[in-house]
Amino acid sequence: MILKKAGVTHLSSLRTMVLFPVDCNYAFKYVGREMMKNAEKGHALAPEQYGSRKYHRSIDLAVNKALTFDLLRQLKKPGGLCSNDAKSCYDLIGHPQASLAMQQCGVPKSIIRCLFSQLQNATHQVRTGFGDSATFFGGCHWKKPFHGIGQGNGASPAIWAVISSPLLNMLRKKGYFCHFVAPFSSKEINFSGYSFVDDTDLVIVQLLGGSYESIISTLQSSVDTWEGGLNATSGAIVPEKSFWFLIDFTWTAGRWRYKTIAECQGDLSVKDIHGKRSVLRRYEVSEAQETLGVYLAPDGNHQAQIKKMITAAQKWADAMRSGSISRLDVHLGLISTIWRTLLYPLPALNLSKEDCEKIMSPILHYCLPAMGFCRNFPKDIVFAPIKDMGVGIEHLYTLQEILWLKDIIFHTTYDTDTGVLYRISLEVLLLEIGVSSDLSMLDYNLLSGLSTSSLVKSTWHFIFTYGLN
């Protein structure tokens, strides 16, 4: 059993890892890998499910979420989002349901029978720091075989991907999805939410008007359908780890703002593993919550994420300062540790240059003296490349903007869901300012006041400021 979160040692908060024999787990991995190849070829996987799939990154899902919030803000359309967590998803998978999902993806019955008979007849011992337990449970003599596929099973990620895809497809077929259309190119996208393994956000958008009550009602039906699907596969939702937002707008003297909870009251509830219905926590649109390692708020503020990044930078600098490292290794330590932590969330954020410098301040405070430079060394030289006689420390703000540009080029070229959302957001921005032309040719200082804050608007500001095309 390993810790899910540092310092939390309660038994119910630990993750049980199953250590299979090496040759057995190698076979499981082979089955999972070949099944995913068939599933991808046959388009059997839901586009919302990003977990355990090649060329699908968790940060892309966070970008999709940020772009959805941007589009709701740009279009001033009400919507709702419920973030929920499946309880022990690998451990609560029923074998009959998994068998059907695997057969749909071309896995022969004989292989499925072999895989699940091994799991049902396995004996379980507990491994501790003092050795393995002498007694065991499970085995072929139990009247009711264990279900679930186990954390540590090489086929578990693939099995969850194929068993969750029909549930996500079901939501779309029932009409519980988010629908956007690009105003110029007429590009469309439909998605029921964002899912990365067992972390799922269900999204509803009211594009044709309607009251916030109808949003809550539709979102409740979506959550109930998702919970019912999980229940049919022997799974369940954890209400304590789930929450939701209602996004709506009001206008006063020609200016818009988000509605508060007091202005659009309502509850969302869900059944737990015992069938008891619990009311979910609801947050204001300004209260960011963490999903996929990134704090995102529907109103686009990044204060919680900035605080998290500053804390991580300070913790890293304190740890490095208390240790001993040579001057030549400081830069290597920087780019191989804390820099990876800070780079991960950047594609989903639009931090200002000042925000980035606050985050970098503890790092530079330690790194410059440790590398043999004065803390007040000219920043133009600090952030210049080594080939140009600089120190070679990259600026976080510049990296953020470059990551955006690379993302936009990559995703629009390959027409991914992220690329479609980028394209729609860009076209809505052009519609706002009333000009249909190349974004890099438009004067940001003259026209930016006509557009709503978004990731695309921040990219426009960057390419205008530095004359990029």
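Which residues of helix 6 are buried?

Guide: Some ground rules come first. This is a predicted model, where local features need pLDDT of at least 70 and side-chain atom pairs count only at pLDDT 80 or more, while totals for chains, interfaces and linings use all residues. Residues are numbered from 1 along each chain as its sequence is written, and side-chain values use heavy atoms, with hydrogens and water left out.

Now to helix 6. Helices (H or I, at least four residues) and strands (E, at least two) are DSSP runs, numbered from the N terminus. Helix 6 covers residues 212-232, which is 21 residues. From first C-alpha to last it reaches 30 Å, close to the 30 Å expected at 1.5 Å a residue. That expected span is 1.5 Å times one less than the number of residues.

Here is your list. The buried residues of helix 6 are Tyr212, Ile215, Ile216, Leu219, Gln220, Ser222, Val223, Thr225, Trp226, Glu227, Gly229 and Leu230. Buried means under 20% relative accessible area, exposed means over 50%, and partly exposed is in between (1.4 Å probe, protein chains only).

What covers them? The cover includes helix 5 (156-173), strand 3, strand 11, strand 12 (243-247), strand 15 (269-271) and strand 16 (277-279). Just past the end of helix 6, Ser234 takes a positive phi of about 80°.

Follow two of those covering strands. Strand 3 spans residues 79-85 and holds Asp85. Asp85 is buried, yet it has no salt bridge. A salt bridge is a side-chain nitrogen of Lys or Arg within 4 Å of a carboxyl oxygen of Asp or Glu. For Asp85, the nearest side chain of opposite charge is Lys241, 4.1 Å away. Lys and Arg count as positive, Asp and Glu as negative; His and the chain ends are not counted. Asp85 also has contacts (heavy atoms within 4.5 Å). Leaving aside neighbours within four places in sequence, these contacts include Asp198, Asp199, Ala236, Ile237 and Val238.

Asp201 and Lys65 meet in a salt bridge, at 3.0 Å from N to O.

Glu290 pairs with Lys308, with the closest N and O atoms 2.6 Å apart. Glu290 is in strand 18 (residues 289-291) and Lys308 in helix 7 (residues 303-322), so the pair ties together parts 18 residues apart in sequence. Glu290 is partly exposed at 35% relative accessibility. Lys308 is partly exposed too, at 33%. Lys387 and Asp388 form another salt bridge, at 3.5 Å. Lys387 is exposed at 72%, and Asp388 is partly exposed at 48%. Salt bridges with shared partners also join Arg57, Asp60 and Asp407 into one network. The whole structure holds 15 salt bridges.

Helix 4 (residues 109-121) has 13 residues and reaches 18 Å, close to the 18 Å expected. Its buried residues are Ile112, Leu115, Phe116 and Leu119. Seen down the axis, they fall within an arc of 85°, so they line one face of helix 4. The arc is that of the directions from the helix axis to the C-beta atoms. Why can a face form? An α-helix has 3.6 residues a turn, so residues three or four places apart point the same way. Helix 1 (22-41) and helix 3 (95-104) are among the elements covering these residues of helix 4.

Rings of Phe, Tyr and Trp (its six-membered ring) pair if their centres lie within 6.5 Å; planes under 30 degrees apart count as stacked, over 60 as edge-to-face and the rest as tilted. Phe249 and Trp256 have centres 5.6 Å apart and planes at 70°, so they are edge-to-face. Phe249 is buried at 8%, while Trp256 is partly exposed at 30%. Phe462 and Tyr466 form a tilted pair, with centres 5.0 Å apart and 50° between the planes. Phe462 is buried at 5%, and Tyr466 is partly exposed at 46%. Phe243, Phe245 and Tyr283 make one aromatic cluster.
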